[in-house]
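Colleague: I would like to learn how to read the contact surfaces in a model like this one. Could you take me through them step by step?

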Amino acid sequence: MSRAGALRVEQAGPLALLQDAGRFGVRHLGMTQGGPMDWYAAGWANALLGNAQVAPVLEITIGGLSLVAETSTTLSLTGADLGATVNGQPLTPWQRFELHPGDRLAFDLPRAGMRAYLGIPGGWQGETSLGSVACVTREGLGGHKGGGRPLESGDRLAFPQQEPGRFPAETHVPNAQRMDYQQPARLGLIPGGQAARFDGYSLYQAFNRQWTVDTRTDRMGIRLTGPELVCRHTAMISEGIPAGAVQVPADGQPICLMNDRQTIGGYPRLGTLTPLARARLAQCPAGHPVHLRACGTGSAQREWRHLFFLWPHQ
Amino acid sequence: MMTPRVENAGIDAWVVRFSDRIDPASRNWITAFCRDCRAVLGDALVEMVPSYTTVLVQYDPWQLTDTVSRRLLESVLERLEPSSEDTGGRLIKLPVWYDVSVGPELSLIAERNGWSPQRVAAAHAATQYQVFALGFVPGFAFMGLVDPALATPRLATPRQQVPRGSIAIAERQTSAYPQVTPGGWNLIGRTPLTLFDATREPMTVLEPGDRVRFVPISRQRFIELGGDPTPVAEATP
């Protein structure tokens with residue numbers, strides 16, 4: 001028999017959300033996807049614990065969160081370095097670690113990256129809505145206590161307390177598999193959508209000039225600022241938007257559409273970011289330099305498959 | 001109708017384009033395509049998002065490569081027969097209380113045409129619409145096409161709060177707001193129905209491909225059906 005363990009939320013911070021793979025089979029009804037913005041780091045948080053890849057993890061944006069353990073447990077921390085400490089001692093990300101009753105896990109401010117993922121054996125408990133606990137505040141769905149509510153001070157984060165688990169041999173993510181969030185982001189973009197309707201000089205600039213991550217970013221979309229891109233195709237009929245779509249409204253500045261994107265939209269698209277590019281972009285703070293490079297579907301699919309095989313398998 | 005095109009939409013998705021303009025006839029092709037595509041892709045189908053002229057198809061890249069998935073979609077298109085009016089989706093009747101108190105732009109549209117508000121309501125209810133897409137918020141159906149005399153541009157300043165159930169017009173599209181949300185469409189009435197409920201099966205009253213008729217009802221019937229008759233609050237300048 002398993003019973004629940006828990007962490008108490010001492011201070012919630014700006015945004016901490018429960019996320020699993022997200023909602024599928026509902027996009028045609030106008031409902032968004034949800035899920036971790038950086039699926040790669042979230043996947044490692046689960047892989048270090050031997051969890052299913054889609055087990056619920058906690059997505060901590062920017063930091064400011066502090067949690068106190070009520071039960072002894074193993075956890076994993078991946079993704080951004082948000083200055084995490086356990087009882088004041090630094091805790092670097094990309095590893096598995098232990099907490100005991102009364103231990104305080106606290107996050108400060110971003111040092112590298114924007115979003116950290118906290119995993120727990122078996123995954124955090126949340127309210128399932130349409131097959132997923134992914135927390136989408138705009139739609140009021142999912143989350144640790146339902147209704148799309150983010151973590152609030154005083155909440156309890158529950159998890160299934162299991163028999164001492166058999167974890168993978170790796171306690172840390174190998175250095176070669178950790179994403180470097182300090183370097184300029186080089187993002188693969190598969191040309192598509194209305195790319196052919198942009199003027200030639202705009203296409204040249206899109207793939208050869210530096211872009212900067214704008215301050216207007218959230219789980220719906222991340223704006224880039226840079227050269228003004230001109231598209232001849234302005235009166236567009238709304239169509240379905242895939243994850244990672246790069247749309248360009250009339251101001252010529254691209255918006256990369258992410259997990260909580262609107263389901264259909266009417267701005268011309270340059271194409272679609274690769275999954276790895278989406279994960280990398282999710283970790284870029286405002287002002288971070290970005291370069292776009294054109295790539296093909298086949299190579300992007302192979303790159304994506306390859307990443308899965310690096311995760312420890314049981 | 002043009003030959004449908006299959007366009008790249010990333011490592012696990014294609015956009016299938018049926019037309020370059022909004023055309024009710026392509027709706028029958030899109031409905032048929034969605035049905036056949038679901039049958040052919042089976043478990044490998046992750047999402048299918050139909051819109052006015054396109055269908056976004058997302059597949060499971062663990063089951064299909066990009067080349068195989070594209071070939072499957074092309075084979076569906078080669079054999080495609082458009083669905084007829086009879087088989088092309090359900091006919092849904094939406095009760096609507098048309099009234100200036102819950103649909104302030106009823107008078108705007110009436111004055112522009114030199115009509116009474118009742119005549120605007122009758123014209124809106126006289127057309128059978130098609131649901132082209134759901135989006136914006138869960139359950140918000142983009143329907144068309146409305147009578148050209150009723151076509152009205154979006155409000156210059158969107159309302160902060162459009163009441164739930166509001167029936168609205170933007171250009172030649174019409175819709176019903178499933179929840180309270182900011183919005184810039186022109187309001188002409190209100191339905192008492194709950195258009196979206198995540199705990200209900202099905203969650204939405206309307207789905208892409210449905211045909212819709214608006215049925216005028218009285219204020220009393222609207223209240224009997226559970227509608228909230230609170231007038232639209234106009235922002236104080």
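Colleague: How much area do chain B and chain A bury between them, and what share of it is on carbon and sulfur atoms?

Modeller: Buried area is the accessible area (1.4 Å probe) that two parts lose on being put together, summed over both. Here chain B and chain A bury about 3,000 Å² between them, with 63% of it on carbon and sulfur atoms. On the chain B side, B:Ile11, B:Glu47 and B:Trp62 lose the most area to chain A, together 22% of what that side buries. Please keep in mind that this is a predicted model, in which local features need pLDDT of at least 70 and side-chain atom pairs count only at pLDDT 80 or more, while totals for chains, interfaces and linings use all residues. Residues are numbered from 1 along each chain as its sequence is written, chains are lettered from A in the order in which they are written, and side-chain values use heavy atoms, with hydrogens and water left out.

Colleague: How many residues does each chain give to the contact?

Modeller: With contact taken as heavy atoms within 4.5 Å, 42 residues come from chain B and 36 residues from chain A.

Colleague: How many salt bridges are there between chain B and chain A?

Modeller: A salt bridge is a side-chain nitrogen of Lys or Arg within 4 Å of a carboxyl oxygen of Asp or Glu. The count between chain B and chain A is two, and one of them joins B:Glu47 to A:Arg27, whose closest N and O atoms are 3.1 Å apart. Strands here are DSSP runs (E, at least two residues), numbered from the N terminus, and strand S3 (45-50) of chain B gives the largest share of the side that touches chain A, namely five residues.

Colleague: Within chain A, which domains are there?

Modeller: Domain bounds come from an automatic or database domain assignment, and chain A is divided into domain 1 (3-161 + 172-177) and domain 2 (185-310). Their C-alpha centres lie 27 Å apart, and 26 residues of domain 1 are in contact with 22 residues of domain 2.

Colleague: What do these two domains of chain A bury between them, and how many salt bridges are counted there?

Modeller: The two domains bury about 2,000 Å² between them, 53% of it on carbon and sulfur atoms. One salt bridge is counted between domain 1 and domain 2 of chain A; A:Glu59 forms a salt bridge with A:Arg219, the closest N and O atoms being 2.8 Å apart.

How values were computed
Helices (H or I, at least four residues) and strands (E, at least two) are DSSP runs, numbered from the N terminus.
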